[in-house]
Amino acid sequence: MIGIKRDNHRRKPAVVRDRPEERDFVREVESVPGGETIRSCIQCGTCSASCLFASSMDYTPRMMILLTKANRRKEVLSSNTMWICASCYLCTVRCPAGVEITSFMHALESLAARDGDGKDRSAALKLYSAFMDSIRKNGRVHELGVMLDFYRRGNLLSAIKALPVGLALFARGRIPLKPIRIRAAKELAAIIESAESETGGAR
Amino acid sequence: MKTEKIRKYSYFPGCAMDGTAAAYKMSVHEVAKVLDVELIELEDWNCCGSTASASVNGVASHSIVARNLALASEKEWDLVTPCSSCYTVLKNVQANVQRYPDLKVRVEEVLRNGRAPYTFKPFLNIRHLLEVVMQDVGLEAIKAKVTRSLNGLKVAPYHGCQIVRPWFTFDDPEFPESLDRMVKALGGEAVEFPMRAACCGASLMLSAPDVGLDAVRRIIDCAEKAQAECIVTACPLCQTNLDAYQGRINRRLGTKYNIPIFFFTQLLGFALGIDPKALGIEKGIVPQETVLLKRWPLGDEALVRHLSVRS
């Protein structure tokens, strides 16, 4: 009934051999804050049933937990699921087993970002990186800067589609051209750099 | 004249207030004055990183938020933010550094590598502005100050997601009613609105527009079916998504959505008798003036003259 096209490129789950380097994936996920909560998952599917965006995901949240526990690193990290998650936390507050699904999704995003699994397919990662660069530069997010940077990272078509909205916002004085830079911008950049060098770009 | 007690808070506005949510900034400022709330902006605060930074790097994202928590720890007041995303991120980070001792050690180390040493309180009371208005100021005090009743204006109370989740704080995580109660106290009517705590799609609007647009469509459609004349929200990103993308949805689907989206501080300020211009009423992409004019055709001459300018 809706004319809006879903980017619903659900893929068939592939059968992947249990390679030795994949065996510790679940431990890796559990070492990220929040990731350890998947241990108590009972596979009831409340999370998937609650998710507003499950139909746009390669795998549902429940399936992601199952695949992680089965150490299917590649399928998990190259899926779009965690990038579609909008962090609305409905699954988290509903989970009867206390699994923090949203934090689990964030953990997967950070691992995919670090290992490069998500880089090719995820517009969300490009957006998040543009967002972080804006913070690094100014200490605050400059919305116009983030949008331009995001579209420059290879989303020309979406830029054209987004233009009318951008212009309308601009006309109402809601898109300032100049960024606001905090006095401690350099100090903040040093904080970020220190955190990244310590962790090799991820947690 | 009775001088009322002024309540003081540390204030974390969030980045959107200086951009897409300019009207929120204006109206918060005005409303705070009338309600005797003093919002003392954290000096040289930095971006909370929102969901984006939490997703890309854990230690870095916790560290930049911890800097803000440390700045707020120097003051004795509660920390208040009008942005639902900042609210959740600040609360998450505060909880995580207590919950994961290793993370805390690393965050403190990283902060020391910045120029100044920062320390933060183990517990800082982090609150949403809506919570402060509802709990500290209270609807009774607000009612006493209403000079321009909302006259039965039909409002869809859209709370959004992160204001009530994942933290069980001042309202129900699935069926919040703060905005309903506020609208009623101001003389308006809160319509039945099942999408009250649904997600607006947040940054999916940029990263996966089809998914984001559909999320917005569902919310707008629900408000239309409930015959709401406008939607009220308490989050900068919700307001922008619902307000700015109705045109794009209409072009795509041939619908005729045209429903103005107010910040709760705009409706509140309007009812408190504040000049609509000072509340940023002209900053809506879907004009907010039209719906107000419909309800106040007579009486307030200056208001009508002012509101007519654009509509």
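Me: Before we start, what does "buried" mean here?
Reply: Buried means under 20% relative accessible area, while over 50% counts as exposed and anything in between is partly exposed. Keep in mind that this is a predicted model. So the cut-off for buried is under 20%.

Me: Which residues is S85(B) in contact with, leaving aside its neighbours within four places in sequence?
Reply: Contact here means heavy atoms within 4.5 Å. With those neighbours in sequence set aside, the partners of S85(B) are S50(B), T51(B) and Q162(B).

Me: At what angle do helix 6 and helix 8 of chain B pack, and what is that arrangement called?
Reply: Helix 6 covers residues 129-137 and helix 8 covers residues 178-185. Their axes are 11 Å apart, at an angle of about 55°. Angles of 65 to 115 degrees would count as roughly perpendicular and those under 35 as roughly parallel. The two helices are therefore oblique to each other.

Me: Which residues make the contact of helix 6 with helix 8 in chain B?
Reply: Helix 6 of chain B contributes L130(B), V133(B) and M134(B). By class, the contact has five nonpolar, one polar and one charged residues. From helix 8 of chain B come S178(B), L179(B), R181(B) and M182(B).

Me: How many disulfides are there over all chains?
Reply: A disulfide is a covalent bond between the sulfur atoms of two cysteines. To count, the sulfur atoms must lie within 2.5 Å. The sulfur of C47(A) is 6.3 Å from its closest cysteine sulfur, in C44(A), and so too far for a bond; likewise, the sulfur of C91(A) is 6.3 Å from its closest one, in C85(A). Over all chains, the count is zero.

Me: Is Y89(A) buried or exposed?
Reply: Y89(A) lies in the loop between helix 5 and helix 6 of chain A, and has a positive phi of about 65° although it is not a glycine. Its relative accessible area is 5%, so Y89(A) is buried.

Me: What is the relative accessible area of N151(B)?
Reply: N151(B) is in the loop between helix 7 and strand 5 of chain B, with a positive phi near 55°. This residue is partly exposed, because its relative accessible area is 41%.

Key:
Residues are numbered from 1 along each chain as its sequence is written. Chains are lettered from A and ligands numbered from 1 in the order in which they are written. This is a predicted model: local features need pLDDT of at least 70, side-chain atom pairs count only at pLDDT 80 or more; totals for chains, interfaces and linings use all residues. Side-chain values use heavy atoms; hydrogens and water are left out. Axes are lines fitted to C-alpha atoms, for helices over the stretch in contact, and angles run from 0 to 180 degrees between N-to-C directions. Helices (H or I, at least four residues) and strands (E, at least two) are DSSP runs, numbered from the N terminus. Angles under 35 degrees count as roughly parallel, over 145 as roughly antiparallel, 65 to 115 as roughly perpendicular and the rest as oblique. Ala, Val, Leu, Ile, Met, Phe, Trp, Tyr, Cys and Pro count as nonpolar, Asp, Glu, Lys and Arg as charged, and the others, Gly among them, as polar. Buried means under 20% relative accessible area, exposed over 50%, partly exposed in between (1.4 Å probe, protein chains only).
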